[in-house]
Each structure stands twice: as C-alpha cells, then as structure tokens.
Amino acid sequence: MFSLPGQAPVTITKAAERQISRLMAGKDAFGLKIGLKKGGCAGMEYTMDMVAEAEKSDEIVEQNGARVLIAPAAQMFLFGTEIDYETGLLESGFKFRNPNVTDACGCGESVSFKLDHETGETQPEA
C-alpha cells in the first residue's frame, strides 16, 4: 500500500465506523471491501462489498472494530481518502473525500483521476 509509516492509508469517520460495524454484525462479515471499476460519466466508480474474508493482497484498516479492506488495484487511488457516512432526509450513504480525484460527475457517483504518465491509463483493472 502507498502509505506513510504510522499513518493509515484511509481514515474512517465515527459515523462511517458505526455504520460499517452495524453492517459487519448484520451480515456476519469480516469487513467492508472498497475498490474501483470502470464506469459512470467521469470514468470510474467506487465499489463496496461486505466480504467474509480478506484476500492476501488486500490492505486492511481497522478502527474500533470497523474493518475496511482496500482492493489491491485501488490502493494507490484511495490513499488519503476519508470515508464518511452521511444521513439526510432524501438519502443516506457512504461518502468518499478523496484528494486524488481530479473530476467528478454532477451526481457524485463517478470520479476520475490524473493520468498515469507512463501508461496513459487512469484506472486499475478492478
């Protein structure tokens, strides 16, 4: 993972921590796995799945019992991201505050990142 010693690659707010813990307990899951896939009007979409176990190359961030797993192909794109959970009148859900995003669609469902200068690609194979 792209990280600094002693610093988690992603941060989890208290609200996200509570929601992840609830989901883990309700689904008897090991944790919430996040990643990226091609799609949406800006080029990339976040993926989220409750998983029963970690894969060998997943990065694991655990905070007060809430466990987030980061898919290997998404690790460099998610470094520095804050994961939050917001509850509103019309919708509730996880929000990603990602400093690596260079553009996002109007609805916030898809994002894009700076091009990799060597390959010209903007995203990992998910």
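## A hairpin to start from

Let's begin with strands E4 (residues 59–63) and E5, which run antiparallel and are joined by five bridges. Within this pairing, Val61 has Val68 of E5 as its bridge partner. The two strands make a hairpin, and two residues lie between them. This is a predicted model, so everything described here is read from predicted coordinates.

Asn64 sits in the loop between E4 and E5, and its phi is positive, at about 50°, although Asn64 is not a glycine. With a relative accessible area of 57%, Asn64 is exposed.

How much of E5 is buried? Five of its five residues are, so the rest of the structure largely encloses this strand. In a regular strand, side chains alternate between the two faces of the sheet. For E5, Ala66, Val68 and Ile70 are on one side, Arg67 and Leu69 are on the other, and all of them are buried.

## The three-stranded sheet

Elsewhere in the model, three strands form an open sheet with mixed pairing, in the order E1-E6-E7. Strands E1 (10–12) and E7 (92–97) are at the edges and have a single partner strand each, so one side of each is left without a neighbour in the sheet. From one strand to the next, the twist averages 25°.

The two pairings in this sheet can be taken in turn. E1 pairs with strand E6 (residues 81–87) in the parallel sense, over three bridges, and Val10 stands opposite Thr81 of E6. Helix H1 (residues 14–27) packs on this sheet and touches E1, E6 and E7, with its direction at about 75° to that of E6. On the other pairing, E6 and E7 run antiparallel and are joined by six bridges. Ile83 stands opposite Phe96 in E7, and four residues lie between the two strands of this hairpin.

Ala8 belongs to the segment before E1. Its relative accessibility is 37%, so Ala8 counts as partly exposed. Ala8 and Phe79 are 71 residues apart along the chain, yet their C-alpha atoms are separated by 8.7 Å.

Asp28 lies in the loop between H1 and E2. Its phi is near 50°, a positive value in a residue other than glycine. Is Asp28 buried or exposed? Asp28 is exposed, with a relative accessible area of 69%.

## The whole chain

Stepping back, the protein has two helices and nine strands. Along the sequence they follow the pattern β-α-β-β-β-β-α-β-β-β-β. Of its 126 residues, 37% count as buried. The protein exposes about 7600 Å², and carbon and sulfur atoms supply 50% of that area. Among contacts with a separation of 6 or more, 53% are between residues 24 or more positions apart.

The average pLDDT of the protein is 82, and 74% of the residues score at least 70. Which strands mark the two ends of the confidence range? Confidence is highest in strand E5 (residues 66–70), at a mean of 97, and lowest in strand E9 (residues 110–113), at 66.

Two stretches call for care. Over residues 115–120 the pLDDT is below 50, and the model gives this stretch four contacts beyond near neighbours in sequence. Residues 122–126 also stay under 50, and for them the model has 16 contacts beyond four places in sequence. Where pLDDT is low, the predicted coordinates should not be read in detail.

How values were computed. Residues numbered from 1 in each chain as written. Predicted model: local features only at pLDDT ≥ 70, side-chain atom pairs only at ≥ 80, totals over all residues. Heavy atoms only, no water. Pairing = 2+ DSSP bridges. Axes fitted to C-alpha atoms, helices over the stretch in contact; angles between N-to-C directions. Contact = heavy atoms within 4.5 Å. pLDDT = per-residue confidence, 0-100. Buried < 20%, exposed > 50% of the residue type's maximum accessible area, 1.4 Å probe, protein only. Areas by Shrake-Rupley, 256 points an atom, 1.4 Å probe, with all protein chains shown as cover.
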